[in-house]
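Subject: Handover of a structure and the findings from it

Dear colleague,

Please find below the structure that I am handing over to you.

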Amino acid sequence: MSAKLDRRHFVAAGATALAMPFVARSASAQGTSQGSWPSRQIRMICSYPAGGQTDLLARAYGEFISKQVGKTVVIENKPGAAGAIGTADVARAEPDGHTILCSISTTYIMNRVVMKNPGYDMDKDLTLVSVIPGAGLLLVANPKTGVKTLEDFVAFARKSGKVNFGTYSSGSSPHMTINELNKQYGLNIEPVHYRGEAPMWTGMLEGTLDAAMGSYTAAQSVLQSDRGTVFAVHSKKVDAIPTVKTLPEQGATSRFFTVSGFTGWAVPKATPQPVVDRLAELCVAANNDPKVKEVLATFVLEPAIGFKETNALYQRELPIWIESAQSLGLEPA
């Protein structure tokens, strides 16, 4: 089989995932009671660097869970390879609910497309427990470009011939956005991949990027220092900047600009269903915790949703991600 992405292969992979993304429990796992969980310290692996949105959500929800279950929840940052390093660690862990992953859509969906062997199989190795639907990611331009709208950005990109655009990982929403804009407008935007959002915005501060895309709060260091201008948001309006239009509102037509993406928690596949259900309940209950509410408000995020709702969101967005990914033409690394 060619290393190039094969359309039929990924359509089939998507169909399989849609059919059974959260099933395949062993009989012994189904019979396990949640009453014995947790029996010791819980490791929550965050597959992105400290200081970014994923890390802060992991810490806020982890602290709430710790208080509720009476056991310490230790956050371990294991970034790298678009979240694959930390995710593979969790996939290999004992499936008893004492090792939890906190990561993003890139890790859960896109790595299956852009990596030949990410070290885990999402459908076979992990169960997605609860997710926080994504917010409107900001598209920010270096003020030197003079860009204030998508139309301005397209004109700048055409005049420049090449644009360096920061992303927080290969296969991420920013990477897909670059690809879709290139296709629609015939541009040559070059993705510059970082190992997380925090270092990406540092690159923007240093002036090495023409543009970047990420969360509202993490971008504040750039925006407040006048090192960046927001010219669009991805698929959802951001209440704090209501005058900034979404990409579709400014003429972008890709279906990818209708997905929200998400941050969420996963456990090894054979983790007993009662433990999965209990963990999902705790994530939803955490939405009312003052510290969690503060972090959600900071990042302009919706609350975490339950297991069934998570399943529905995953099924709805997975085929759109795969459809867009097929057009990248990447050779899995």
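In this predicted model, strand 5 (residues 138–141) and strand 9 (229–233) run antiparallel and are joined by four bridges. Strands here are DSSP runs of E with at least two residues, helices are runs of H or I with at least four residues, and both are numbered from the N terminus. Two strands count as paired if DSSP finds at least two bridges between them. One of the bridges links A141 to T229 in strand 9.

Both strands belong to an open sheet of five strands with the order 7-6-8-5-9 and mixed pairing. Its edges are strand 7 (189–193) and strand 9, each of which pairs on one side only. From one strand to the next, the twist averages 30°. Angles run from 0 to 180 degrees between N-to-C directions, and the axes are lines fitted to C-alpha atoms, for helices over the stretch in contact. Contact means heavy atoms within 4.5 Å.

Two helices may be described with this sheet. Helix 7 (residues 150–160) lies across strand 6 (163–167), strand 7, strand 8 (211–214) and strand 9, at about 125° to strand 6. Helix 9 packs on the sheet as well, touching strand 5, strand 6 and strand 8, and its direction makes about 155° with that of strand 8.

Another open sheet of five strands has the order 2-1-3-10-4, again with mixed pairing. Strand 2 (73–77) and strand 4 (126–133) are its edge strands, each pairing on one side only. Here the twist averages 25° from one strand to the next.

How does strand 3 pair with strand 10, and how many bridges are there? Strand 3 (residues 99–104) pairs with strand 10 in the antiparallel sense over four bridges. I104 has T263 as its bridge partner in strand 10, and S103 stands opposite G264. With strand 1, strand 3 pairs in the parallel sense, also over four bridges; M44 has I100 as its bridge partner in strand 3.

Strand 3 is mostly covered, with six of its six residues buried (under 20% relative accessible area; exposed is over 50%, and partly exposed lies in between, for a 1.4 Å probe and protein chains only). T99, L101 and S103 point one way, while I100, C102 and I104 point the other way.

Helix 3 lies across strand 1 (42–46), strand 2, strand 3, strand 4 and strand 10, at about 165° to strand 2. Helix 13 (residues 307–326) lies across strand 4 and strand 10, at about 90° to strand 4.

Finally, there is one cavity of 30 Å³ or more. A cavity is a set of points on a 1 Å grid over the protein atoms alone where a 1.4 Å probe fits but cannot get out, and lining residues have an atom within 4 Å of a point. Of the 32 lining residues, Q53, I104, L137, Y168 and T263 are the closest to the centre. Helix 3 (53–69) supplies the largest share, three residues.

Residues are numbered from 1 along each chain as its sequence is written, and side-chain values use heavy atoms, without hydrogens and water. As the model is predicted, local features need pLDDT of at least 70 and side-chain atom pairs count only at pLDDT 80 or more, whereas totals for chains, interfaces and linings use all residues.

Yours sincerely

Technical notes
1 Å grid on protein atoms, 1.4 Å probe; cavity = no way out; pocket = protein on both sides within 12 Å on 5 of 7 lines; lining within 4 Å. Points joined across faces, edges and corners; volume = space filled by probe spheres on them.
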